[in-house]
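Okay, thanks everyone, I'll keep this short. Let me put the model up and then walk you through a few spots.

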Amino acid sequence: MKLRMAAVERLGENGLLDPDAIVRTDEATLANLIKPVGFYQRKAQFIKEASRICLERFGGDIPDTLTDLLALKGVGPKMAHLVMSIAWKNTQGICVDTHVHRISNRLGWVFREGTKQKTTTPEQTRMSLEKWLPKDEWEPINPLLVGFGQTICTPLRPKCGSCGINTICPSAFKEASSPNPKQKKRGLGPT
């Protein structure tokens, strides 16, 4: 998140938060400004193409429909739902990122269609959550679970001991932390 915010700041400092300016800028410059964001070269290409489309089809604004947002290269369901919710105040779905996906599965909130198996993709998670979660909770669930996933329910070695819901979480204390390297050297690690 910090990398992305810094990239947006660098674009702003260079006058590149406007689609006209972005279209006039070469991809290498855009890529250099958003680096070290992951896949920065590809994202620079998408930013430039999306800016061109927004100028040509939407008067320089961003699309105001989910369908039009999803038609922009590089915009997936997570970002499209986020934009609809924040930019247009029109929550049409849940913004599911890696944190929402991971935590929803750990809590046993989501299942693949017609099974009791965990979801394997954020999109499956989104569809499963939307079936039971009240619509007025769709917007706040992302920031709630993102913060929780960054601080407590982390991908590796979740902090179950300091989690306020560890007594009701079906995954609590089930993900073993890596062995202590000192114990491993002395032959005291798990066998």
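So, Ser104: leaving out residues up to four places away in sequence, Ser104 touches Trp109, Val110, Thr125, Leu129 and Leu145. This is a predicted model, by the way, so keep that in mind. Ser104 sits in helix 7, residues 98-106. Is Ser104 buried or exposed? Its relative accessible area is 0%, and the cut-off for buried is under 20%, so Ser104 counts as buried.

Next up, Arg126, over in helix 8. Arg126 comes out at 12% relative accessibility, so that one is buried too by the under 20% cut-off. Which residues does Arg126 touch, again not counting those up to four places away in sequence? Pro77, His81, Ile94 and Val96. The side chain of Arg126 also makes a polar contact with the side chain of Glu123, at 2.4 Å. And have a look at Cys95: it's 31 residues from Arg126 along the chain, with the two C-alpha atoms 7.3 Å apart.

His81 brings us to helix 6, where the buried residues are Ala80, His81, Val83, Met84 and Ser85. What covers them? Helix 5 (66-70), helix 8 (122-132) and helix 9 (138-151) are among the elements doing that.

Quick check on the geometry of helix 6. It has 12 residues, 77-88, so at 1.5 Å a residue it should span 16 Å, and the end C-alpha atoms are 15 Å apart, which agrees. Then, just after helix 6, Lys89 takes a positive phi of about 50 degrees.

Okay, that's my tour. Over to you.

Key:
Residues are numbered from 1 along each chain as its sequence is written. This is a predicted model: local features need pLDDT of at least 70, side-chain atom pairs count only at pLDDT 80 or more; totals for chains, interfaces and linings use all residues. Side-chain values use heavy atoms; hydrogens and water are left out. Helices (H or I, at least four residues) and strands (E, at least two) are DSSP runs, numbered from the N terminus. The expected span of a helix is 1.5 Å times one less than its number of residues. Buried means under 20% relative accessible area, exposed over 50%, partly exposed in between (1.4 Å probe, protein chains only). Contact means heavy atoms within 4.5 Å. A polar contact is a pair of N or O atoms within 3.5 Å; within protein, one must be able to donate a hydrogen and the other to accept it, and residues adjacent in sequence count only if both atoms are side-chain atoms.
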